[in-house]
Amino acid sequence: TTYTRIVNSAIKILLLKTLPALLLIWANLLLSTWADEPSPADPDGSGNYFPGVDVEAEKKKRFDTKRRVCGQKGWENCNARSDDQLNLMIIGDSMAADIQNIAWDIYGDEANYIFSDLGGCAPHDNLGPLLSARHPKTEECLALNRDRYAKDFYQGVDAIFLSVMYGSYNASYLADYVQYINGLGIDRVVVLGNYLVLGTDLPQILAGKTESEARSVIESEITKSFPHNKELKSNSEELGFFYIDLKRELCQPECMLFFDDKIPFTWDRFHLSREAATYLARQLDERIKSYVSGEPRKPGASAPDPDS
């Protein structure tokens, strides 16, 4: 009919006029979908390189060793000595948790652990001038260091495992402390060096990045690498302590940035992740046991060679 022909013509005209616009809208939607498609490192499209991971919980895993040990012994007896186990004293600032974890992964329940650790509180007989004015526990730190320089504090201790952040606290301060405890008759000292120091927390650095971008982005944020490493190695040879050189252990030649199942070396800017500590313990197990239980290394002797 005439009416039907008019309606059909109107529909054709409308389609011809609106089809280009509809196609443009569809194309834009398709491109937008492709652009927002999650990368392999970001499967939920959230911008989080570690989707489904509780980063704060991962950070806290560093302290599981001390919580386990002191929980079993009772917190009031946390630093009690044992008569039938190796007594290992853990000393350091916030980095001490890393050497705690290495020691635990090597010795487990075979050893007894004693703790002298506090954030921002490295061993020094006059630390006051080095402490930040913003340090939240200045008096506690000064008291802790008075203990560290009291002979009775080391009664029953078989070996010391030590880790601090190097910067204003330098290798010569560490050497002075090692000489002091050597003078007390403690000749088994294991010292953990520093690794890579970032300018920003690693999860923030990798937010929205792909796996192929990860290394270059992380490397661009490194502000320090192995601080005081050369001096610490030299001091270890001179004083006979066992030095864990992280450049040697983790960079062959590229530095390891991820460990078991893509776990990063740190969840913040420099403290080692729990998995990084476990990796190091596997690498160092026999060498550290040999050093701690064997004859003390004489000053001037070389550290055990991992390739020998």
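**Core packing, disulfides and backbone features of a predicted model**

Phenylalanine 161 touches Leu88, Met89, Ile90, Ile91, Ile99, Ala103, Tyr107, Val190, Ile288 and Val292, when residues up to four places away in sequence are not counted; contact means heavy atoms within 4.5 Å. The structure is a predicted model, in which local features need pLDDT of at least 70 and side-chain atom pairs count only at pLDDT 80 or more, while totals for chains, interfaces and linings use all residues. Residues are numbered from 1 along each chain as its sequence is written, and side-chain values use heavy atoms, with hydrogens and water left out.

Phe161 also belongs to the largest nonpolar core, which has 84 residues; Ile160, Phe161, Tyr195 and Ile288 touch the most other members. A nonpolar core is a set of buried Ala, Val, Leu, Ile, Met, Phe, Trp, Tyr and Cys residues joined through side-chain atoms within 4.5 Å. Helix α11 (residues 274-293) gives the largest share of this core, nine residues. Buried means under 20% relative accessible area, exposed over 50%, and partly exposed in between (1.4 Å probe, protein chains only). By this criterion, buried residues make up 44% of the 308 residues in the chain.

The chain has 11 helices and nine strands. Helices (H or I, at least four residues) and strands (E, at least two) are DSSP runs, numbered from the N terminus. Of the contacts in the chain with a separation of 6 or more, 76% are between residues 24 or more positions apart.

Two packed helices are described by the angle between their axes and the distance between the axes. Helix α3 (residues 64-73) and helix α4 (residues 96-107) have axes that come within 8 Å and cross at roughly 60 degrees. Axes are lines fitted to C-alpha atoms, for helices over the stretch in contact, and angles run from 0 to 180 degrees between N-to-C directions. On the α3 side the contact is made by Thr65, Lys66, Arg68 and Val69, and on the α4 side by Gln100, Asn101 and Trp104. The residues of this contact of α3 with α4 comprise two nonpolar, three polar and two charged. Here Ala, Val, Leu, Ile, Met, Phe, Trp, Tyr, Cys and Pro count as nonpolar, Asp, Glu, Lys and Arg as charged, and the others, Gly among them, as polar.

Three disulfides are present, a disulfide being a pair of cysteine sulfur atoms within 2.5 Å. With the bonded cysteines of the chain numbered in sequence order, the pairing is 1-2, 3-4, 5-6. The torsion about the S-S bond of cysteine 121 and cysteine 141 is about 95 degrees, so the disulfide is right-handed. Cysteine 121 counts as buried at 0% relative accessibility, and cysteine 141 is buried with a relative accessible area of 0%.

Cysteine 251 is joined to cysteine 255 by a disulfide with an S to S distance of 2.1 Å. The link of cysteine 251 and cysteine 255 is right-handed, with 100 degrees about the S-S bond. Cysteine 251 is buried at 10% relative accessibility, as is cysteine 255 with a relative accessible area of 17%.

Glutamate 249 lies in helix α10 (residues 246-250) and is buried, with a relative accessible area of 9%. The side chains of glutamate 249 and arginine 287 are joined by a polar contact of 2.8 Å. A polar contact is a pair of N or O atoms within 3.5 Å; within protein, one must be able to donate a hydrogen and the other to accept it, and residues adjacent in sequence count only if both atoms are side-chain atoms. Apart from neighbours within four places in sequence, glutamate 249 is in contact with Ile244, Tyr279, Leu280, Gln283, Leu284 and Arg287.

Most residues other than glycine have a negative phi, and most peptide bonds are trans. A cis peptide bond joins glutamine 252 and proline 253, with omega about -5 degrees; proline 253 lies in the loop between α10 and β8 (258-259). Phenylalanine 226, although not a glycine, has a positive phi of about 50 degrees. Phenylalanine 226 is in the loop between β6 (222-225) and α9 (229-239) and counts as buried at 12% relative accessibility. Histidine 228, not a glycine, has a positive phi of about 60 degrees. Histidine 228 is placed in the loop between β6 and α9 and is partly exposed, with a relative accessible area of 23%.
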